[in-house]
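The following note records several points on the model shown below. Each point treats one topic.

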Amino acid sequence: MNGVPSKKSKQQIRVLLFSNYQIVLESLKLLIEANGDLAVTGLHSFAENVGRIGSIAHSDIAVVDLSSGDRVEIISDLLRKNPRLRVVVVIAGLDLDSQANALKLGAVGIVQKEQSTKLLLEAIRQTYSGETWLNQVLLSKILERSKSGEKKFDKLLHRSQNGSLTPRELEVIRFIGEGLKNKSIADRLSITEATVRHHLSSIYGKIGVADRLNLVIVAYQTGLLEPAVVLGENLQ
């Protein structure tokens with residue numbers, strides 16, 4: 001399938017679409033382009049050679065429609081082509097195994113096919129702004145499978161107990177666990193957003209993670225976050 005680039009302004013989020021079903025691709029294109037802040041850069045199938053799709057380098061978000069039997073590895077293929085790409089997966093809600101695998105391969109958003117189109121649009125915007133988009137059931141599933149990483153979690157807990165993580169950094173982690181964005185965290189702590197970003201960079205470096213999702217997973221496993229507060233409803 002050939003890419004179908006659309007006219008876009010600097011403010012528009014550039015969205016690349018992948019699915020093995022033409023009707024899905026065309027429907028998603030109509031849905032997305034009905035919004036002035038979004039533009040579709042291409043429609044592609046899983047059969048195409050990702051390395052030859054030039055629009056990947058010029059896209060911000062890839063929406064990948066996954067069905068049973070589809071190659072979940074296309075996510076890592078896309079990220080190798082454009083490491084800055086944010087991947088949102090659309091998948092059946094009962095397929096928790098594939099959802100967990102998609103996150104492991106680098107997806108930052110999961111939208112279940114049973115959910116509304118409004119949530120897909122919001123997931124695109126939120127992941128573009130640097131957030132993650134998933135629900136607590138999926139997060140719990142991932143956490144159940146992370147037993148093999150207990151040494152890493154024990155190391156983090158040791159660090160936090162011995163002063164490597166400062167009290168302010170622990171506060172930031174707690175607010176991240178509640179699903180708050182940087183601006184809300186800044187308001188709660190009476191600091192600037194730039195200071196929040198500085199704290200997050202420090203936390204990521206100390207813990208050895210690259211994003212909010214993995215920060216929450218590690219913090220949950222070590223007991224720094226309680227299960228009840230992990231990821232707010234705005235990330236469902």
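Predicted model: local features only at pLDDT ≥ 70, side-chain atom pairs only at ≥ 80, totals over all residues.

1. Helix 2 (residues 74-81) is mostly covered, with 6 of its 8 residues buried; buried denotes under 20% relative accessible area, exposed over 50% and partly exposed in between, with a 1.4 Å probe and protein chains only. The buried residues of helix 2 are Ile74, Ile75, Ser76, Asp77, Leu78 and Leu79. Their packing partners are strand 1 (13-18), strand 3 (61-65), strand 4 (86-91) and helix 3 (96-104), where contact requires heavy atoms within 4.5 Å.

2. Residues are numbered from 1 along each chain as its sequence is written, and side-chain values use heavy atoms, with hydrogens and water left out.

3. The chain contains 10 helices and 5 strands; these are DSSP runs numbered from the N terminus, helices being H or I with at least four residues and strands E with at least two. Of the 236 residues, 49% count as buried. Among contacts with a separation of 6 or more, 66% involve residues 24 or more positions apart.

4. Helix 7 (residues 167-177) and helix 9 (residues 193-207) have axes that come within 10 Å and cross at roughly 95°; the axes are lines fitted to C-alpha atoms over the stretch in contact, and angles run from 0 to 180 degrees between N-to-C directions. Helix 7 is therefore roughly perpendicular to helix 9, a label given to angles of 65 to 115 degrees. Helix 7 contributes Arg168, Glu169, Val172, Ile173 and Ile176, and helix 9 contributes His199, Leu200, Ser202, Ile203, Lys206 and Ile207. By class, the residues of this contact are 6 nonpolar, 2 polar and 3 charged; Ala, Val, Leu, Ile, Met, Phe, Trp, Tyr, Cys and Pro count as nonpolar, Asp, Glu, Lys and Arg as charged, and the others, Gly among them, as polar.

5. Asn182 lies in helix 8 (residues 182-189). Asn182 is buried, with a relative accessible area of 14%. Leaving aside residues up to four places away in sequence, Asn182 touches Glu193, Val196, Arg197, Leu200 and Arg212.

Notes: Parallel < 35°, antiparallel > 145°, perpendicular 65-115°, else oblique.
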